[in-house]
There are 2 protein chains.
Amino acid sequence: MNDLFLRACRREPVERPPVWMMRQAGRYLPEYRAVRERADFLTMVGTPELAVEVTLQPVDRLGVDAAIIFSDILVVPQAMGMALSVEDGVGPRFHQPLRTNSDFDGLRDLVPDHDLRYVLDALRLARRELDGRVPLIGFAGAPWTLMSYMVEGQGSKSFTLAKRLLVEDPVRAHDLLARLARAVGAFLAAQVSAGAQAVQLFDSWAGALGPRDFREFALPYLAEAVRLARAAGAPVIAFAPGAGWALEELAGVTGADVIGVDWQTDAADARRRLMAYPAALQGNLDPAWLYAGPDEIRRRTRDMLQAFGGRGHIANLGHGIHPDVPVAHARAFVDAVREWRVP
Amino acid sequence: MNDLFLRACRREPVERPPVWMMRQAGRYLPEYRAVRERADFLTMVGTPELAVEVTLQPVDRLGVDAAIIFSDILVVPQAMGMALSVEDGVGPRFHQPLRTNSDFDGLRDLVPDHDLRYVLDALRLARRELDGRVPLIGFAGAPWTLMSYMVEGQGSKSFTLAKRLLVEDPVRAHDLLARLARAVGAFLAAQVSAGAQAVQLFDSWAGALGPRDFREFALPYLAEAVRLARAAGAPVIAFAPGAGWALEELAGVTGADVIGVDWQTDAADARRRLMAYPAALQGNLDPAWLYAGPDEIRRRTRDMLQAFGGRGHIANLGHGIHPDVPVAHARAFVDAVREWRVP
């Protein structure tokens with residue numbers, strides 16, 4: 001059993017950092033595209049056999065040290081009653097974003113074992129099929145990020161509708177964020193019960209908030225979700241891309257076991273700033289650097305590993321892998337980590 | 001003559017910080033929309049009388065302490081030979097983005113007095129019409145930001161095409177960036193000759209680069225453009241939104257007179273970090289906060305002024321004003337600054 005990833009989460013000694021890639025079960029893999037040709041994105045997410053098939057692909061193909069269940073952060077609002085579609089080129093979209101009182105009041109409370117059973121079934125199946133080869137990671141979207149999608153209806157450049165809600169009706173925003181924190185926390189705990197050996201919280205739109213709003217509307221609910229997930233007994237990774245200034249607060253306030261570092265943040269700087277905190281770090285190669293040639297990728301990956309220093313570090317990209325990266329380039333990144341040794 | 005803005009640029013004593021708003025000549029103003037109904041965006045940019053009409057509107061309506069010429073950062077690549085259109089809802093778009101060798105080789109060198117004479121004419125006319133009421137600001141896009149638009153063809157979430165060029169063909173990227181730095185520097189110097197009393201460089205997509213790429217591909221060319229502009233004798237404002245981590249390098253490396261602070265950055269933190277540098281600061285109220293009621297806007301504006309401390313500070317938003325903000329809310333922001341006094 002390769003338990004490098006779990007040891008690094010706990011900051012135990014390792015001979016080299018473990019490596020996996022955000023969005024590693026994705027379109028850059030030809031075998032993923034083959035599955036995707038037979039089924040649309042939401043069918044893949046909703047069908048445990050298909051989700052598990054693509055979950056295992058990067059383990060087989062690249063030899064990464066952890067598998068992350070193939071799913072989507074928007075399954076939570078979907079299970080709370082919001083109709084979701086994912087179109088090619090457009091991305092995920094809620095047909096009826098939260099706008100009126102009755103939109104908000106119509107949201108159901110989440111019962112993970114019932115409403116998101118297909119994700120839990122996928123985790124159980126993935127654990128069986130992995131058969132101890134590498135640990136399995138579960139995940140969920142953080143409350144602020146889910147709320148912004150639910151209010152905007154889709155991704156946005158400036159998130160003005162969601163941010164407008166924060167200043168126009170902060171009470172309603174807090175109410176929704178608290179509900180989402182409970183839902184996400186319960187979902188992550190259920191994922192751990194179903195076999196996830198670690199879970200990651202993605203606050204993907206953290207960068208849409210300035211410090212004051214982040215502290216009021218994102219951080220406390222991220223912390224509550226982390227608390228509920230940690231109570232289930234597995235390490236929790238908190239990742240708030242675009243909010244590199246907040247690393248210390250993420251480590252100090254959320255109590256997450258691992259803090260994700262985005263590619264905008266200098267690796268050596270992140271390490272120095274979090275030296276005094278008990279968290280491990282995960283990241284942070286710029287996914288656009290995988291467009292470089294394999295030799296250059298190896299050089300930059302080694303620089304990154306050096307900057308993090310090896311101990312308490314999980315090697316990863318600083319954001320999801322781009323769909324048009326050649327597999328050989330992804331492999332160069334993974335191999336460079338696997339060949340490296342803690343000095 | 002209200003020279004508050006110019007005194008603050010030079011960090012001279014002021015009784016209160018001057019105030020203006022990025023994109024203050026914009027769609028939130030009914031009188032702007034009235035002009036916009038008669039002419040499309042690029043016609044407004046290209047017709048000095050129309051550009052000057054909207055340039056003066058916020059001075060008349062809100063009593064801001066500076067006017068900024070109505071124009072667009074993409075006039076530079078357009079003048080270098082790239083066909084540009086601006087469509088409602090889509091934003092600016094180059095019909096033939098830079099992709100092949102011949103696309104790059106086909107770019108013309110910029111002769112500002114000839115190729116961008118309409119901008120210089122607008123500045124001359126605006127100075128006459130302002131008649132000393134408030135200073136007039138010129139502007140340009142920074143080299144990296146212009147290059148990303150030229151390569152992508154339009155705005156992007158992840159700028160993968162532009163970033164791909166940086167790793168796949170850094171020599172070509174450096175060559176284009178150097179040409180753009182010369183073009184932008186010459187353009188800003190020409191704007192000063194035509195009457196601009198200060199100029200601002202917008203590196204709007206600075207946040208698309210991690211520290212290493214920012215230092216290699218953005219900062220040196222921003223610095224070169226600042227140097228050329230400063231040689232013309234007017235203060236230069238450098239603004240690199242999304243790269244809050246780089247404030248010290250912006251101040252130390254570019255030698256800009258004023259450093260713009262984006263809304264993601266904590267104001268007190270920015271002030272503390274730049275205390276040892278000779279630059280003034282400009283910013284940084286979150287434009288989304290203008291959705292709050294006027295009383296709340298005043299409170300948050302006063303908090304922001306307090307955090308910057310009054311001296312060497314130009315009050316502004318931390319990004320352009322959103323088009324759907326009520327004029328009364330913009331006025332509450334401006335009034336809150338005008339009523340405040342340096343402690």
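Reader: How many bridges join S4(B) to strand S5 of chain B, and which way do they run?
Author: This is a predicted model. In it, five bridges join S4(B) to S5 (residues 198-202) of chain B, and the two strands run parallel. Within that pairing, B:Phe139 stands opposite B:Gln200 in S5(B).

Reader: And what joins S1 of chain B to S4(B)?
Author: Two bridges join S1 (residues 67-68) of chain B to S4(B), again running parallel. There B:Ile68 stands opposite B:Ile137 of S4(B).

Reader: Is S4 of chain B buried or exposed?
Author: Buried: six of the six residues of S4 (residues 136-141) of chain B are, so the strand is largely enclosed by the rest of the structure.

Reader: Which residues of S4(B) point which way?
Author: B:Leu136, B:Gly138 and B:Ala140 point one way, while B:Ile137, B:Phe139 and B:Gly141 point the other way. Residues on both sides are buried.

Reader: Over to chain A. In what order do the strands of the sheet come?
Author: The order is S1-S4-S5-S6-S7-S8-S9, seven strands in an open sheet with parallel pairing. Strands S1 (67-68) and S9 (313-317) of chain A stand at the edges with a single partner strand each, so one side of each has no neighbour in the sheet.

Reader: What about S7 and S8 of chain A, how many bridges?
Author: Three, in the parallel sense, between S7 (residues 258-260) and S8 (residues 280-285) of chain A. A:Ile259 stands opposite A:Leu281 in S8(A).

Reader: Now the interface. What area is buried between chain A and chain B?
Author: About 2500 Å², of which carbon and sulfur atoms give 55%. A:Val167, A:Arg212 and A:Tyr291 supply 23% of the area that chain A buries against chain B, more than any other three residues. The contact takes 32 residues from chain A and 32 residues from chain B.

Reader: How many salt bridges across the interface of chain A and chain B?
Author: Eight. One salt bridge is between the side chains of B:Asp324 and A:Arg164, at 3.2 Å, N to O. Six residue pairs are also in polar contact across the interface of chain A and chain B.

Reader: Which helix of chain A gives the most to the side that touches chain B?
Author: H10(A), with five residues. The residues on that side of chain A divide into 10 nonpolar, nine polar and 13 charged.

Reader: What does B:Arg212 meet in a salt bridge?
Author: A:Asp303, at 3.8 Å, N to O. B:Arg212 lies in helix H12 (residues 211-230) of chain B and A:Asp303 in helix H15 of chain A, so the pair joins two chains. B:Arg212 is partly exposed at 33% relative accessibility, and A:Asp303 is partly exposed at 47%.

Reader: Which residues are linked with A:Arg212 in a network of salt bridges?
Author: B:Glu296, B:Arg299, B:Arg300 and B:Asp303.

Reader: Within chain A, what does A:Asp109 form a salt bridge with?
Author: A:Arg179, with the closest N and O atoms 3.3 Å apart. The pair links distant parts of the chain, 70 residues apart: A:Asp109 is in the loop between helices H6 and H7 of chain A, and A:Arg179 is in helix H11 of chain A. A:Asp109 counts as exposed at 55% relative accessibility, whereas A:Arg179 is buried at 16%.

Reader: Last one. Where is B:Ser156 found?
Author: In the loop between helix H9 (143-152) and helix H10 (160-168) of chain B. Its side chain reaches the backbone nitrogen of B:Ser158 at 3.2 Å, and a polar atom of the B:Ser156 side chain lies 2.8 Å from the backbone nitrogen of B:Phe159.

How values were computed: Residues are numbered from 1 along each chain as its sequence is written. Chains are lettered from A and ligands numbered from 1 in the order in which they are written. This is a predicted model: local features need pLDDT of at least 70, side-chain atom pairs count only at pLDDT 80 or more; totals for chains, interfaces and linings use all residues. Side-chain values use heavy atoms; hydrogens and water are left out. Buried means under 20% relative accessible area, exposed over 50%, partly exposed in between (1.4 Å probe, protein chains only). Helices (H or I, at least four residues) and strands (E, at least two) are DSSP runs, numbered from the N terminus. Two strands pair if DSSP finds at least two bridges between them. Contact means heavy atoms within 4.5 Å. Buried area is the accessible area (1.4 Å probe) that two parts lose on being put together, summed over both. A salt bridge is a side-chain nitrogen of Lys or Arg within 4 Å of a carboxyl oxygen of Asp or Glu. A polar contact is a pair of N or O atoms within 3.5 Å; within protein, one must be able to donate a hydrogen and the other to accept it, and residues adjacent in sequence count only if both atoms are side-chain atoms. Ala, Val, Leu, Ile, Met, Phe, Trp, Tyr, Cys and Pro count as nonpolar, Asp, Glu, Lys and Arg as charged, and the others, Gly among them, as polar.
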